[in-house]
Amino acid sequence: MAMADRVQASACRGSLAEMAVDPSPPPPITDTPTWRALVEHADSLQDVTLRRLFAADDARAERFTVEVATLTVDYSKNRINETTIDLLTALANAADLAGARDAMFRGEPINTTERRAVLHTALRRPADAPLVVDGIDVTAEVHEVLSRMARFADAVRDGTWTGSTGARIEAVVNIGIGGSDLGPAMAYQALRPYSHRDLTFRFVSNIDPAALHEALIDLDPATTLFVVVSKSFSTIETLTNARSARTWLTDALGPDAVADHFVAVSTEADLVADFGIDPANMFGFWDWVGGRYSVGSAVGLSLVIAIGAERFADLLAGMSEIDEHFLTAPWANNLPVILGLLGIWYTNFLGAETHAVLPYSEYLARFPAYLQQLDMESNGKGVDRLGRPVPVDTGPIVWGEPGTNGQHAFYQLLHQGTRLVPADFIGFVEPVTPIGSHHDLLMANFFAQTEALAFGRDHEDPQRAFEGNRPSTTILGQRLDPRTLGRLIALYEHKVYTMGVVWGINSFDQFGVELGKVLATAIEPELISTSELAHDPSTNALLHRYRSRSGVV
């Protein structure tokens, strides 16, 4: 059954909100026989090395390789055997991963704490695949916004949209934070070879004044367009940067220029209008789009301007291909599920605390940072969906750097350190920008590193010996293009969801970001006043020093 048919057929079954509440909630996944079997299985593999596993099975590499579209994923260099995969897929069944997956795709409110559907997958549904949720055809709404984005992007790219002086736009500055910045900034860098080279693109997120200063220092207000991205249009960092950008513009061109140089991505038309932006130039999205899942929505407007609507459609098509795969492939051949279950295996049964993402592509330099938010904001939770403490570790620390830079920095720890660090190596057969033999040398390092990590090297000098048995997964694409980037994004999105389902947590809220913001709001006025302080002794002392050194008596 195709994705459109599967999801639409499921949509009539009702939503979670309409279902009766189970009076006896399920036990934590750690109380299941499968979890206990995995604990015993992990113990039985303690002395089994990758050398031994490969020596005993000539077909291992083929058995543990899956291909989807142009992505080849070889996970044979992981500390697993067929029993491991059988037990992990049984764990997915015990957690009802299939039910959770289908509930997400058909628009049930699986974000239970905020009573919201989670439908970033609807952002890339084909136009002829309706999805009706609460009486609304979500697909139709999505494609209406995509059409508006395409028309606007075309107008900026061909010079039809001009600034207040009549000059064509030469620079686009995206102002957002979190998913409203990381997604479009990462994707722009990844797809820069496909971008409109006559346009300059800058991304501002940090409230540090240096970020906005450096973004604007060499731009001309008459030829600069700002895209302000904030669902609520009240995010303090975004609005502070936007107001300062507005001042920079109006000081040069006057207050009437705002309407020609600012557009908004938001859902709050009144606040957008109060800022001075014509609501006709506001591009909306929905509360079922989480920030870290939003690059395929209007949040990607700057990206559409950069690469054009056709290539943006290719990005969405790549995501949709992985959605279909996630929906239909059996667990043992389902790439997001395999990667998610390997994450569970290392985090909970082998004691790994971090996960490295190592793209052998300069254009993917921001991809590890993008995955940091996707993974750590989604699954950095200490209680399950029922509010119970989670009895095991969740949310590995995600980090990484492009190869070959990382080889001359932290690979020493990967090869000879004492910590277990599973790693994903991402590389491509074809270079986007070929120069001489550069790409072959890059990829020689790519293949060599996973071999060295897995099998090591014996040496009589212990300083020069490599024990090997260091796990890695190899993701090999044909070429980094919009469709391939879309596949990679969706692959990791569904990997993260798989892990969250197994842990029984809600991967779609992020209350952990709130407390610091609340305290910052209280502290800001105290920095410039002599009022009494009522914080803890350390914070009080630091605030007093800050006041003294900044001239506040």
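## Glu526 and its loop

A polar contact of 2.7 Å joins the side chains of Glu526 and His535. This is a predicted model. Glu526 sits in the loop between α20 (514–523) and α21 (537–549). Glu526 is buried but has no salt bridge. The nearest side chain of opposite charge is Arg547, 5.8 Å away. A salt bridge needs a side-chain nitrogen of Lys or Arg within 4 Å of a carboxyl oxygen of Asp or Glu.

Leaving aside residues up to four places away in sequence, Glu526 touches Ser531, Glu532, Leu533, His535, Leu543 and Arg547.

## Ser550, after α21

Ser550 lies in the segment after α21. Its relative accessibility is 43%, so Ser550 counts as partly exposed. The side chain of Ser550 reaches the backbone oxygen of Arg547 at 3.3 Å. Ser550 and Gly351 are 199 residues apart in sequence. In space, their C-alpha atoms are 46 Å apart.

## The parallel sheet

An open sheet is built from five strands in the order β6-β5-β7-β8-β9, with parallel pairing. Its edge strands are β6 (200–204) and β9 (282–283), each pairing on one side only. Strand β5 (residues 171–175) pairs with β6 over five bridges. Within that pairing, Val173 has Arg202 of β6 as its bridge partner.

Five bridges also join β5 to β7. Here Asn174 stands opposite Val227 in β7. Strand β7 is joined to β8 (residues 262–265) by four bridges. Phe226 has Phe262 of β8 as its bridge partner.

Strand β7 (residues 224–229) is largely enclosed by the rest of the structure, because six of its six residues are buried. In a regular strand, side chains alternate between the two faces of the sheet. In β7, Thr224, Phe226 and Val228 point one way, while Leu225, Val227 and Val229 point the other way. All are buried.

## Helix α16

Helix α16 (residues 367–379) has 13 residues. From first C-alpha to last, α16 reaches 18 Å, close to the 18 Å expected at 1.5 Å a residue.

Most of α16 is covered, with 10 of its 13 residues buried. Among them are Phe367, Tyr370, Leu371, Leu374 and Asp375. What covers the buried residues of α16 includes helices α8 (179–190) and α19 (482–503). Strands β10 (354–359), β11 (397–399) and β12 (423–428) are also part of that cover.

## Salt bridges

The whole structure holds 18 salt bridges. One of them pairs Glu82 with Arg63, with the closest N and O atoms 2.6 Å apart. Glu82 lies in helix α5 (residues 82–94) and Arg63 in helix α4 (residues 60–63), so the pair ties together parts 19 residues apart in sequence. Glu82 is partly exposed at 43% relative accessibility. Arg63 is partly exposed at 36%.

Glu108 and Arg106 also meet in a salt bridge, at 2.5 Å from N to O. Glu108 is buried, with a relative accessible area of 1%. Arg106 is buried too, at 12%.

Arg483 and Glu321 form a salt bridge of 3.0 Å, N to O. This pair links distant parts of the chain, with Arg483 in helix α19 and Glu321 in helix α14 (residues 309–328), 162 residues apart. Arg483 is partly exposed, with a relative accessible area of 30%. Glu321 counts as partly exposed at 26%. A network of salt bridges links Asp314, Glu321, Arg483 and Arg487.

Methods:
Residues are numbered from 1 along each chain as its sequence is written. This is a predicted model: local features need pLDDT of at least 70, side-chain atom pairs count only at pLDDT 80 or more; totals for chains, interfaces and linings use all residues. Side-chain values use heavy atoms; hydrogens and water are left out. Helices (H or I, at least four residues) and strands (E, at least two) are DSSP runs, numbered from the N terminus. The expected span of a helix is 1.5 Å times one less than its number of residues. Buried means under 20% relative accessible area, exposed over 50%, partly exposed in between (1.4 Å probe, protein chains only). Contact means heavy atoms within 4.5 Å. Lys and Arg count as positive and Asp and Glu as negative; His and the chain ends are not counted. A polar contact is a pair of N or O atoms within 3.5 Å; within protein, one must be able to donate a hydrogen and the other to accept it, and residues adjacent in sequence count only if both atoms are side-chain atoms. Two strands pair if DSSP finds at least two bridges between them.
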